[in-house]
Amino acid sequence: QVQLVESGGGLVQAGGSLRLSCAASGRIFSIDVMAWYRQAPGKQRDLVATITSDGSTNIADSVKGRFTISRDNAKNTVYLQMNSLKPEDTAVYYCKATIRSTSIPYNYWGQGTQVTVSS
């Protein structure tokens, strides 16, 4: 069994910062890509950022320059540092990881953490 547990969400004023964490646990041989998505009420789930096992990153244009993704491979954890937050960043943030417990990779999702940015 593999589990992803997110933390770090909350309520923050516009211009503030939050740091999200997502830790993977269970039977893990290796973790390929880790990513953050977000879903605002009534909208589709959108990709925010990805990071490969060797640290290559990709950031959505809507958050580029404000958000940073990083990971600690020793802790099987991915982070999302969010600065200069705007009300439109309000959403449930989900982490996703491609994990190998054997030779076959599977995608796993966290339960989501709410981020609310007040104006």
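1. Start with Arg45: arginine 45 lies over the face of tyrosine 94, at 3.6 Å from the ring centre. Arginine 45 also lies over the face of tryptophan 109, at 4.8 Å from the ring centre. "Over" here needs NZ of Lys or CZ of Arg within 6 Å of the ring centre and within 35 degrees of the ring normal.

2. Keep in mind that this is a predicted model, where local features need pLDDT of at least 70, side-chain atom pairs count only at pLDDT 80 or more, and totals for chains, interfaces and linings use all residues. Residues are numbered from 1 along each chain as its sequence is written, and side-chain values use heavy atoms, with hydrogens and water left out.

3. Now the sheet: it is open, with four strands in the order β1-β3-β8-β7 and antiparallel pairing. β1 (2–7) and β7 (67–72) are at the edges with a single partner strand each, so one side of each has no neighbour in the sheet. Strands are DSSP runs (E, at least two residues), numbered from the N terminus, and two of them pair if DSSP finds at least two bridges between them.

4. Threonine 68 has glutamine 81 in β8 as its bridge partner.

5. What about the lining of the largest pocket, by class? There are five nonpolar, four polar and five charged residues. For the classes, Ala, Val, Leu, Ile, Met, Phe, Trp, Tyr, Cys and Pro count as nonpolar, Asp, Glu, Lys and Arg as charged, and the others, Gly among them, as polar. β4 (30–39) and β5 (45–51) each give at least two lining residues, and β5 has the largest share, with three.
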